[in-house]
Amino acid sequence: MACLLHLLDLGVPRTRIELWHHRIDGAEGTLMDWPVTESYCEMLAAAFGIPIFFSWKEGGFEREMLRNESPTAPIHFQSVDGLYTTGGVGPQGTRRKFPQVSGNLSVRWCSAYLKIDVAAAAIRNDPRFVGKRTLVVTGERAEESPGRAKYAAFEPHKADRRGGKSRRHVDHWRPVHAWSESEVWEIIRRYRVNPHPAYWLGFGRVSCMKCIFGSPDQWATVRVLDPKGVARIAEYEQEFGLTIHRLNTVTDRANQGTPYPMVSSKWRAIAMSKRYDEPVFLDHWEYPDGAFGESVGPT
């Protein structure tokens, strides 16, 4: 959000911007992510008059987690002229476990396989990027973790092939890398954008609803929001013989925490809906409960 608003502040024409969102659970899955997120993104894009494209790994998080002596699933991505599919062939592999609670993307495979690699595959396989200059803009901040603090603010993107036959020139810019959390909230306040429902519920960082880095209070809150989903994770822990957090079961994590107070508010139903009907812009903007609150993620 801060990246988009910063681009508008810089005077970048909206016709030169497009939004991308990766469906963590695939096109139909419901295990890990906030049900409302896709609709929220669509409403946001429409309100700003900017196109949005969706991409996903077939079967999403769950299929990749359950991979057993098989290739990783194909990737689907939307483009200006329709839907593309790529991949789905390659070396056999087995996971049968949750991503590791680690800053290392080779073992915390959810970020790599369901977000980063999906975007790179879309750029590599969409002919509209051939012979063009493209700027990928993402919102990692140094303040979020020691690992992210080491990221370059500007570098060639992993899909870049400016020296290859396709002359596909792709740069990667992290414009808010040096920003503080207060600077992020300030630009959102100035544009009066209604934050994602999870922030209103008290979450300080909106990644997956059932993030592997979730704190006890967050897991306690998620169990109130989606008891069946948490029970499915507990069943997978039993099946794999390995917990999602490594040190505790998901049930233990939830038992150690206290649900956020706003879990009893109207935002509970909104966050768990697949349709977002709230206003995108607020006449009277205020900080949500999650602002400057508990924010957990990669170390």
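Me: How many aromatic pairs does a search of the whole structure find?
Reply: The search turns up 15 aromatic pairs. To count, rings of Phe, Tyr and Trp (its six-membered ring) need centres within 6.5 Å. This is a predicted model, so to speak: local features need pLDDT of at least 70, side-chain atom pairs count only at pLDDT 80 or more, and totals for chains, interfaces and linings use all residues. Residues are numbered from 1 along each chain as its sequence is written, and side-chain values use heavy atoms, with hydrogens and water left out.

Me: What describes a pair of aromatic rings?
Reply: You give the distance of the centres and the angle of the planes. Planes under 30 degrees apart are stacked, over 60 edge-to-face, and the rest tilted. Take Phe61 and Trp109: their centres are 5.1 Å apart and their planes at 35°, so this pair is tilted.

Me: Which helices hold Phe61 and Trp109?
Reply: Phe61 lies in helix H3 (residues 60-65) and Trp109 in helix H4 (residues 109-125), so the pair ties together parts 48 residues apart in sequence. Helices here are DSSP runs of H or I, at least four residues, numbered from the N terminus.

Me: Is Phe61 buried or exposed?
Reply: Phe61 is buried, with a relative accessible area of 2%. Buried means under 20%, exposed over 50%, partly exposed in between (1.4 Å probe, protein chains only). Trp109 is buried too, at 3%.

Me: What about Phe203 and Tyr260?
Reply: Their ring centres are 5.3 Å apart and the planes at 90°, so that pair is edge-to-face. Both Phe203 and Tyr260 are buried.

Key: Helices (H or I, at least four residues) and strands (E, at least two) are DSSP runs, numbered from the N terminus.
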